[in-house]
Amino acid sequence: MALNTEEEQTEDYLFKIVLIGDSAVGKSNLLARFARDEFYPNSKSTIGVEFQTQKVEINGKEVKAQIWDTAGQERFRAVTSAYYRGAVGALLVYDISRRQTFESIGRWLNELQTHSDMNVVTILVGNKSDLKDAREVTTAEGKALAEAQGLFFIETSALDSSNVSSAFETVVREIYNILSRKVM
Ligand code: GDP
Ligand code: MG
């Protein structure tokens with residue numbers, strides 16, 4: 001996180017936000033949809049892009065979100081501490097059509113808490129909401145878990161774009177609000 005001194009803080013917020021969750025839940029596609037309005041039907045999108053910087057407007061002010069995506073290392077449960085370092089926000093993603101990815105959330109949350117040196121603003125994201133017939137995790141279950149863990153909650157679809165911007169913007173806005181309160 002780079003936070004400038006009071007007198008010049010209007011446009012220079014830079015928030016590091018990490019995407020975490022099991023393999024193939026749609027992390028890379030959420031980022032592709034948010035940053036470039038693109039979608040990849042085949043799972044080849046995870047090719048080493050470390051992070052992408054995206055401008056977000058909050059209360060008429062421009063904030064930069066530096067969004068980190070895994071390069072597939074979550075497959076081996078080998079996300080390194082460098083990935084988490086300095087993160088102030090996180091999208092904790094599961095796939096509503098694969099129960100197992102929802103059951104992994106506790107473990108990802110533990111890992112996030114272990115590796116991060118501050119309170120990370122976190123949103124629980126149930127992705128692939130377009131797969132209505134294949135749903136294995138109800139909205140109520142997602143909500144309940146988020147409430148129990150003190151997380152924001154949203155269901156998204158990177159395929160049909162539903163709620164994708166909201167997911168990222170919720171995190172950015174909350175970080176912004178916390179920081180502006182501290183400064184003032
Ligand atoms: P990652 O491993 O978490 O980065 O997942 P990817 O973004 O690579 O996506 C894994 C697979 O799920 C790909 O085949 C995507 O096309 C597909 N996918 C991602 N998001 C969605 C979504 O919202 N709806 C549907 N139906 N498929 C999705
Ligand atoms: Mg990926």
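A residue counts as buried if 20 or more other C-beta atoms lie within 10 Å of its own, exposed if 12 or fewer, and partly exposed in between, with C-beta atoms placed from the backbone. The model here is predicted, so local features need pLDDT of at least 70 and side-chain atom pairs count only at pLDDT 80 or more, while totals for chains, interfaces and linings use all residues. Residues are numbered from 1 along each chain as its sequence is written, and chains are lettered from A and ligands numbered from 1 in the order in which they are written.

**Exercise 1.** Find where Ala24 and Ser161 sit, and decide whether each is buried, exposed or partly exposed.

Start with the backbone. Most residues other than glycine have a negative phi. (Helices, H or I of at least four residues, and strands, E of at least two, are DSSP runs numbered from the N terminus.) Now count: Ala24 is partly exposed because it has 17 other C-beta atoms within 10 Å. Ser161 is partly exposed too, because its count is 14.

**Exercise 2.** Work out how β3 pairs with β1 and with β2.

Strands pair if DSSP finds at least two bridges between them. Take β1 (residues 14-20) and β3 (residues 61-68): they're parallel, over 5 bridges, and Leu14 has Lys64 as its bridge partner in β3. Then take β2 (residues 51-58), which runs antiparallel to β3 with 8 bridges; here Gln54 is partnered by Ala65. Finally, look at the turn: β2 and β3 make a hairpin with 2 residues between them, and Asn59 in that turn has a positive phi of about 50 degrees.

**Exercise 3.** Describe the shell around ligand 1.

Collect the residues near the ligand, meaning those whose C-beta atom, placed from the backbone, lies within 6 Å of it. You get 20, the closest being Gly26, Lys27, Ser28, Asn29 and Leu159. Sort them by element: helix α1 (residues 27-36) gives the most, with 3 residues. Then sort by class: 7 are nonpolar, 10 polar and 3 charged.

Note on methods
Nonpolar A, V, L, I, M, F, W, Y, C, P; charged D, E, K, R; others polar.
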